[in-house]
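This report looks at a ligand site and at a further pocket in one protein model. Please examine the structure below before reading on.

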Amino acid sequence: MAELLAEKVAVVTGASSGIGRAIALGFANHGASVVVADLREEPRGEGGPTHELIRDRGGTAEYVECDVTDVADLAVAVEAATTLGGIDVMVNNAGIGESTPVLEVTEADFERTMAVNAKGVFFGSQVAAREMVADGGGSIVNLSSEAGIVGVGGFVPYSASKGAVRVMSYALADALGGDGIRVNAIHPGIIETAMTTEDVPQVGTARDDQYLASIPLARFGQPSDVADAAVFLASDMSRYVTATSLVVDGGMLNTA
Ligand code: NAP
C-alpha cells in the first residue's frame, strides 16, 4: 500500500482508544510518526498502549499524557512532535459523550462537555497552528459528529459542542488558509467504540435493529472506517480540500 503520510509527523488526541487509536495506527501504517496524546496510556478495552503497538510494527510513536482541557498539556504534545521533526498534522479527536435528559443537565455537565469537546479542539488547533505557520503549513482534522450537523434531542450539550467544532473548523480554515494550513471536520455516524457500547449505549442494545434500519450500508461503523477518512484529510491527496465536513456514517444522515 502507498505510504500517503511518509515523513509526516502527527499528533492525535484521545489516541489510546477507539477512533483516535485507529487514526494513530492508520497514520503509522501510512508512514507517519505519531504522538499519542491521551489521559492515560492503556486503551479502554483490550490491547496494549497504541504507541507500543506502532513501535512493535516498526513505526515511530511517542505517548504524551495530555488532558485536552489543559492548554499547557496540548503544548507539550505539540512539543513532542517537534522532537520528531515538527508537526504536520493535528487530529483533535478526544471527546466525551453524554446523554443526560435536557431538563436534568447541570451547569457542570454542560461546562465539562464544552471544555473537552469544544475548548480542547480550539486550543489544540491553536497550539498546532502556531508551529505550522512557522513551518509553512499543515493539516488539522477535527472530530465532530452527526450531532454537529443535526440537533439530537437526547444529546443537547453534546450537539452544541459538536456544532461548535464544525463551524470552528470552517472559521479556522478561513483564518489559516493563507498560511498553508487546511482545517476540516469529520462527522462519524455510529461507530463501535466504548463510547457507543458503554458511555452512551447504542451498539449492542435492544435498539440495534432500529439503528441498523436507518443505515443504508446496514452495519455500524468501525474505527478504521473513520481512520481512512482521516488519512485522506491528513495527506496531500486532499490538498485542495479545506473548510469542509466529511461525513462517515454509512449513509445515515442523508437518507430517510
Ligand atoms: P472513546 O472510545 O471514548 O475514546 C476517546 C478517547 O479520548 C479515550 O481514550 C479517552 O480517554 C480520551 N479522552 C477523553 N477525555 C479526554 C481529555 N480530556 N483529554 C485527552 N483525552 C481524553 O471515544 P470514540 O468513540 O473513539 O470517540 C472519538 C471522537 O469521535 C470523539 O470526539 C467523539 O465525540 C467522536 N465521535 C464518536 C462517535 C462514535 O460513534 N463513537 C460518533 C461521532 C463522533 P479515557 O478513556 O481515559 O476517558
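## The second largest pocket

K8, D88, G137, G138, S139, G180, R182, A234, S235, D236 and R239 line the second largest pocket, where a pocket is an open set of points on a 1 Å grid over the protein atoms alone at which a 1.4 Å probe fits, with protein on both sides within 12 Å along at least five of seven lines, and lining residues have an atom within 4 Å of a point. Its volume is about 150 Å³, and its lining has one nonpolar, five polar and five charged residues, with Gly counted as polar, Ala as nonpolar, and Asp, Glu, Lys and Arg as charged.

## Basis of the model

The model is predicted, with local features needing pLDDT of at least 70 and side-chain atom pairs pLDDT 80 or more, while totals for chains, interfaces and linings use all residues. Residues are numbered from 1 along each chain as its sequence is written, and side-chain values use heavy atoms, without hydrogens and water.

## The ligand site

There are 29 residues around the ligand, of which D38, R40, N93, Y158 and T193 come nearest, a residue being near if one of its heavy atoms lies within 4 Å. By class, this shell has 14 nonpolar, 10 polar and five charged residues.

Oxygen atoms of the ligand lie 2.9 Å from a side-chain N or O atom of K162, and 3.3 Å from a backbone N or O atom of G189. The ligand taken alone exposes 890 Å², of which the protein buries 94%, with areas from the Shrake-Rupley method and a 1.4 Å probe.

How values were computed: A polar contact is a pair of N or O atoms within 3.5 Å; within protein, one must be able to donate a hydrogen and the other to accept it, and residues adjacent in sequence count only if both atoms are side-chain atoms. Grid points are joined across faces, edges and corners, and a volume is the space filled by probe spheres set on the points.
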